[in-house]
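Please keep the sequence and the structure in view while reading.

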Amino acid sequence: TPSQSSKYHTNLDCMKKESFAEYKKRILDRYAAAVGDLFGTKIPGIFIDEPTLGGNYSDELCEYFYNRYGYRLEDNLYKLYGDYDGECKKLRRDYSEAMMCMFEENFLLPLRAWCDEHNLLMTGHFNGEEDPMTHATSGQNIYKQTKIMDIPGFDIITPNIGDLEHCALVFGANMVASAAEQAGRKTIFSECFALSPFNMGYHGLRKTADWLFVCGINWIVPHGFHYGYSSYHRGDAGKSFSFQDPYFDEYKTFAEYAGRVCKLLHDYDRDNDLLSVYPYGGY
């Protein structure tokens, strides 16, 4: 579906069954044919980065909605508009939940089955950096959907940690740690350090990492795209790894520190006295 709001210009309708079938044929099966003998050993898993519904409508949505709830979405669309002030809570919740369930049933669960079939761990994170408000409007639910993954995670690719102006980031780290606790997952990761180039040096990197460790993250995944100033990557999320950064040599020291802490945190059981509740329907 062409999209003017995305810098990538197109969005895949992940609510349709045919979408996963096409994705599997074009991408997954080609990887399996090329390097499938390394699956489960040299290649332990796959990382899905910000999968989303692809929009707020699918050709199959109305039929799915009627079969699930027993009334017609198309007869009530006017209740979804922001200026409608009548009774609309049930419809809006059902609409959002229907999209979320279609996304899970038609894309995430088939992907999970493919990973199991090929002895691969499934990890990654969803769109919106686990901001509850963003998820509520895009049919996503971190607590429900991270249970599909082997290793739940989230994304903080800016230096705005513990910042009231970006308070959703504070939610994100604690929500994914709480989701992992509920699902019995021991490893919890965060993608990080893009939009935060290495010119911030060892102490800048450590500030972000230490904050993540306190929040319960025990596996750090640096945002590691190869960058080209005259290519497609110019439109990516900002400069990540580059040997030209003035403090790039400090990264090795930081990586050794972070690796030691991640291992220590991973080897111990968490002793939590806080449960983060996600009031999905309340939004």
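**Terms and model**

The helices named here are DSSP runs of type H or I with at least four residues, and they are numbered from the N terminus. The structure is a predicted model.

**Salt bridges**

A search of the whole structure finds twelve salt bridges. One of them links Glu 22 to Arg 26, where the closest N and O atoms are 2.9 Å apart. Glu 22 and Arg 26 are four residues apart in helix H1, so about one helical turn separates them. Glu 22 is partly exposed, because its relative accessibility is 31%. Arg 26, in contrast, has a relative accessible area of 52% and is exposed.

Helix H3 holds another such pair, Asp 116 and Arg 112, which are likewise four residues apart, or about one turn of the helix. Their side chains meet in a salt bridge with an N to O distance of 2.8 Å. Asp 116 counts as partly exposed at 44% relative accessibility, whereas Arg 112 counts as buried at 16%. Salt bridges may also share partners: in this way Glu 22, Lys 25 and Arg 26 are joined into one network.

A further salt bridge brings together the side chains of Glu 74 and Arg 72, at 4.0 Å from N to O. Glu 74 is partly exposed, with a relative accessible area of 37%. Arg 72 is also partly exposed, and its value is 40%.

**The nonpolar cores**

Which residues have the most contacts inside the largest nonpolar core? They are Leu 108, Leu 111 and Met 122, in a core of 32 residues. Two or more residues of this core come from each of helix H1 (17–35), strand E1 (45–49), helix H2 (61–69) and helix H3 (89–117). H3 gives the most, with 13 residues.

When neighbours within four places in sequence are left aside, Leu 108 is in contact with Ile 48, Phe 103, Met 122, Phe 126, Gln 145 and Ile 148. There is also a second, separate core of 29 residues, which includes Ile 142, Ile 156, Ala 177 and Leu 205.

**Cysteines**

A disulfide is a covalent bond between the sulfur atoms of two cysteines. How many disulfides does the model contain? The count comes to zero, with sulfur atoms required to lie within 2.5 Å of each other. Cys 62 has a relative accessibility of 16% and therefore counts as buried, the limit being under 20%. Cys 88 is buried as well, at 11%.

Three strands form an open sheet in the order E3-E4-E5, with parallel pairing. Strand E3 (153–156) and strand E5 (219–222) are the edge strands, and each of them pairs on one side only. On average, neighbouring strands of the sheet are turned by 25° against each other, with direction ignored.

Strand E4 (residues 189–192) runs parallel to E5, and four bridges join these two strands. Ser 190 stands opposite Ile 220, which belongs to E5. Helix H7 (residues 201–215) lies across E3, E4 and E5, and runs at about 150° to E3.

How values were computed
Residues are numbered from 1 along each chain as its sequence is written. This is a predicted model: local features need pLDDT of at least 70, side-chain atom pairs count only at pLDDT 80 or more; totals for chains, interfaces and linings use all residues. Side-chain values use heavy atoms; hydrogens and water are left out. A nonpolar core is a set of buried Ala, Val, Leu, Ile, Met, Phe, Trp, Tyr and Cys residues joined through side-chain atoms within 4.5 Å. Buried means under 20% relative accessible area, exposed over 50%, partly exposed in between (1.4 Å probe, protein chains only). Contact means heavy atoms within 4.5 Å. Two strands pair if DSSP finds at least two bridges between them. Axes are lines fitted to C-alpha atoms, for helices over the stretch in contact, and angles run from 0 to 180 degrees between N-to-C directions.
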